[in-house]
Amino acid sequence: MLTENHTQDLREVMVQTFIEEAEQDRNLVVLVSDSTSTAKIKPFMERFPDKLVNVGIAEQSLVGTAAGMALGGFVAVTANAAPFLVHRANEQVKNDVCYTNANVKLVGLNAGVCYGALASTHHAIDDVSIMRGFGNIQIFAPSDPVEAKQIFQYALDYEGPVYIRMDSAPFPVLHDPDYRFEPGKVDILRQGRDISIIAMGSTVHEAHAAAFMLEEQGIDAEVVNASSIRPVEHEGILASLRKTGLALTVEEHSMHGGVGSLVAEIIAEAGLGCRLKRLGFVEGKFAVPGPRGAMRAHIGIDAQGIVTAAREMLSRTP
Amino acid sequence: MNNPFGFSPEEVVENTVEIRKKILTTNHNAGQGHTGADLSETDILASLYLRLLRFSKDDPQHPDRDRFILSKGHGVGGLYCTLAQAGLLDSNLLDTYLQFNTKLPGHPVRQKTPFVEVNTGALGHGLALGVGLALAAKKSGNGYLTYVLTGDGELQEGSNWEAAMTAAHYQLDNLIWIVDRNGLQLADCTETIMSLEPLDDKLAAFGMSVHTTNGNDPAEFIATVESLPKDDGKPKAIIAQTTKGKGVSFIEGQPSWHHRIPKGDELPQALEELAC
């Protein structure tokens, strides 16, 4: 349940997980590109200075070196801002990590529009789309501290490339302590009958809040946390949509190639008769820069925008 | 761990003749290939696999093996023919070069071919990968050496210089970066397209221990590698001066032979030149 007074930065969860894993002799190395503060990696760096490699402001070197270290036997993790990872080092991600199948975990920090008014050079609203374009890489977007910890533990165990989309905001816990993350499994956060709101990462919290607002208006919304983008079990999405008949996707990402596209593909390939509305950044346009909250409201991926879109979809449903 | 062959420079030279014949024949049969690049690097590859690299013939993935990265991945034909000459690859496979679902694709693919460490082909990737391998060796206390062979035109990619900075910063004296300095790239001479000189000064300024040698003379190349300073805290850069298309008069120094193949009478002519 949403507990606003207990929030945690998912990066702190990540760093704590790295410390615990290194303490258990995990053959781990974390690479940064002058991004020690971005990654909040200082506690790990102080505890394990030899397991931290800083390549300077050089993202191609970051990813290539990480792939080389993985081939040399390490579980190599990169941690830097998502835009500079997926855009600057795109070919290194494709060839050195994915095609080579190196055991590298790419952490895209402050993804989406976390950098708000710093504008589009610092936004990554196409990172999931880009990563989905590559073969051979698993893609996750944790929504809360409980899930983030388990996703990092899973990623370090898994032998192969992984991309983890991270947010900079502190998040409350959405999951019960006995929640067990499973790659591919669709996580139904809230059961509902009228509409399926399928959200990714930070927008899961908006979807969750929207469901409570809709409940007050007599609408019973199901909230689906799409934290596992690849792999993804289609049947989990389809089961929800067969029940509600309406799909509303929400992401702080371009409508192209993210969770909206994923759900559209799943619906179409299954031949399911189901209406779909995608909320996200408009395809083919850069984000209008500004404070992050205003940006989210502008494209309707905040709780109020989700409520409005859900009501509009339901009003058009006989 | 030692090199499983330990050939003398003279024995290496004898093998380079056979490797070059394989390159010409294989590219001719395949109907494609980077003949100029393959012939340019032949003496370097032969020296590495038949003399310098320490590895196990029976266990290509042995953790203590020296690593070799062909950053100029388009020279993969030269690598396949060297491996075949060394008996590390079934020579019959050369007939499948570039065919559908072959074990010998047009750029190195480690999932397909034994002794290939990493998937290269896009230029400017190998050095950073080599930095990672060398850094991993340092951090895990493993004594393997990492060799990276780049082209020279490839050095126009900025990623090489990022990697060079990192190599020097982390004092990777277990990294040996060989530049196949044949002076040609796809379209023309490197110095016409985007000049690299003074290359030795640039490499030295980036913190490398720089050594210039004849990359088409196995004896000189081997002597250079075997006399590299050890434990000096500096990555090694070897400028291996080569001739693109080395060994066949009408291929040598011709930019058009970057990805041309011998056709018609050119194959017997080339093979005859090599036999002399």
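Reader: How many salt bridges does the rule find across the interface of chain A and chain B?

Author: This is a predicted model, where local features need pLDDT of at least 70, side-chain atom pairs count only at pLDDT 80 or more, and totals for chains, interfaces and linings use all residues. Side-chain values use heavy atoms, without hydrogens and water. A salt bridge here is a side-chain nitrogen of Lys or Arg within 4 Å of a carboxyl oxygen of Asp or Glu. Asp50(A) and Lys139(B) meet that rule, with their closest N and O atoms 3.1 Å apart, and the count across the interface is 1.

Reader: OK, and how many residues does the contact take from chain A and from chain B?

Author: Contact just means heavy atoms within 4.5 Å. On that basis chain A puts in 24 residues and chain B 26 residues.

Reader: What kind of pair do the rings of Phe18(A) and Phe44(A) make?

Author: Rings of Phe, Tyr and Trp (its six-membered ring) pair if their centres lie within 6.5 Å; planes under 30 degrees apart are stacked, over 60 edge-to-face and the rest tilted. Here the centres sit 6.1 Å apart and the planes are at 70 degrees, so the pair is edge-to-face.

Conventions. Residues are numbered from 1 along each chain as its sequence is written. Chains are lettered from A and ligands numbered from 1 in the order in which they are written.
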